[in-house]
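Hi,

Here is the structure I promised to pass on. Have a look at it, and my notes on its salt bridges follow below.

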Amino acid sequence: MSSIEAKTNLLNLDRLAMQEFFLAHGEKPFRATQVIQWIHQYAVDNFDAMTNLGKELRTRLKGIAEIRTPEIMQDQVAADGTRKWLLRLDDGNAIEAVFIPEEDRGTLCVSSQAGCTLNCSFCSTGHQGFNRSLTVAEIISQLLVANRALGRDPKGERIITNVVLMGMGEPLLNFDNVLPAIRIMLDDFAYGLSRRRVTLSTAGIVPMMDRLHTECPVSLAVSLHAPNDTLRSELVPLNKKYPIHELLEACRRYCADSPRSRVTFEYVMLAGVNDSVEQAQELVQLLADVPAKVNLIPFNSFPQTHYQRSSKEAIDRFRDVLIEAGLTTITRKTRGDDIDAACGQLAGQVQDRTRRSQRLALKTG
Ligand code: SAH
């Protein structure tokens, strides 16, 4: 192994892991706090700039550690200000992160895997197949790179105020790396985001929802998309493993110890598939005893899909049924679709290892 390969990428370490790293090298654990601040608060990527470390330690660090983010391959800005970065990973894959500016906040949508194994029928990432899970460094780098590019507002506050793990991949199938990355997001010496402002979206990996709840309860979004098992299993094949009643039980457990917390249920609006008034009523019944909010997502198209977006009338009608029943419901605004940055459009460049993309191309081609 060359000396370059042997270096520890400090972006893989949350504070506790960083403390262990310094201890293992005979240094004081408080160095971890200093270095985390340099890396994540000041976006510094060379050890010489870390002036409170002492020259000897800096030289030593250069030999054993590095701060390496993926390279930016593309940086696009949509007409509505949405911005998308394509980041090249070491192994030829590329992933996407999206910044969505709004009046009162700036949200970064972060990917957790190169591709996805779940194969939801309406999702572009699923059609790309799957290569691998991202490392902690690759996940947190998305926030680092985006923060660096966006800078701060005139008051010195960060432009990115919220993070959603809603990009490529299923975050709860990469729990071991997603967890430290979230811890860095929450760390006051790094990004200092509150739990409310970090949202993890899952298709419903039930046992991992419980682990997230125990180990790091951030805001939870669940991709529901259908009011019954028959339809949901068609749209989200994972439903066969964790059917709706188990999923909703897990959602109740997730909210049990904090009376104000609610799960956001995502529901993609597919014309003629899941958007009828009857289905809205069925959804109301289903969510009757779950602390819930609903996000309706107008379907975003991509090549090789046979689905169509529900009409505005259908979406409004559906929403009204939910609201009249007392469910907090919003329709998610479509953002950045002119640069393929909208929900479900993130594809990156995935070296598919599942041959799924090949099979789908044969079927549709
Ligand atoms: N795997 C996680 C994280 C992805 S989040 C999950 O399933 O929740 C991305 C969100 O966008 C999910 O709710 C997903 O179902 C939704 N989505 C996927 N494809 C879409 C499309 N073509 N149009 C609109 N929303 C889509």
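Asp91 is partly exposed, with a relative accessible area of 37% (buried is under 20%, exposed over 50% and partly exposed in between, using a 1.4 Å probe and protein chains only). This is a predicted model, where local features need pLDDT of at least 70, side-chain atom pairs count only at pLDDT 80 or more, and totals for chains, interfaces and linings use all residues. Residues are numbered from 1 along each chain as its sequence is written, and side-chain values use heavy atoms, leaving out hydrogens and water.

Asp91 forms a salt bridge with Arg132, with 2.5 Å between the closest N and O atoms (the rule is a side-chain nitrogen of Lys or Arg within 4 Å of a carboxyl oxygen of Asp or Glu). This pair links distant parts of the chain, 41 residues apart: Arg132 sits in strand S8 (130-133), and Asp91 in the loop between strands S4 (83-88) and S5 (94-101). Helices (H or I, at least four residues) and strands (E, at least two) are DSSP runs, numbered from the N terminus. Arg132 is buried, at 19%.

Glu266 and Arg332 also meet in a salt bridge, at 3.2 Å from N to O. Glu266 belongs to strand S12 (263-269) and Arg332 to the loop between strand S14 (328-331) and helix H13 (356-364), so the pair ties together parts 66 residues apart in sequence. Both residues, Glu266 and Arg332, are buried.

There is a network too: salt bridges link Lys312, Asp316, Arg319 and Asp320. The count of salt bridges comes to 21.

Happy browsing!
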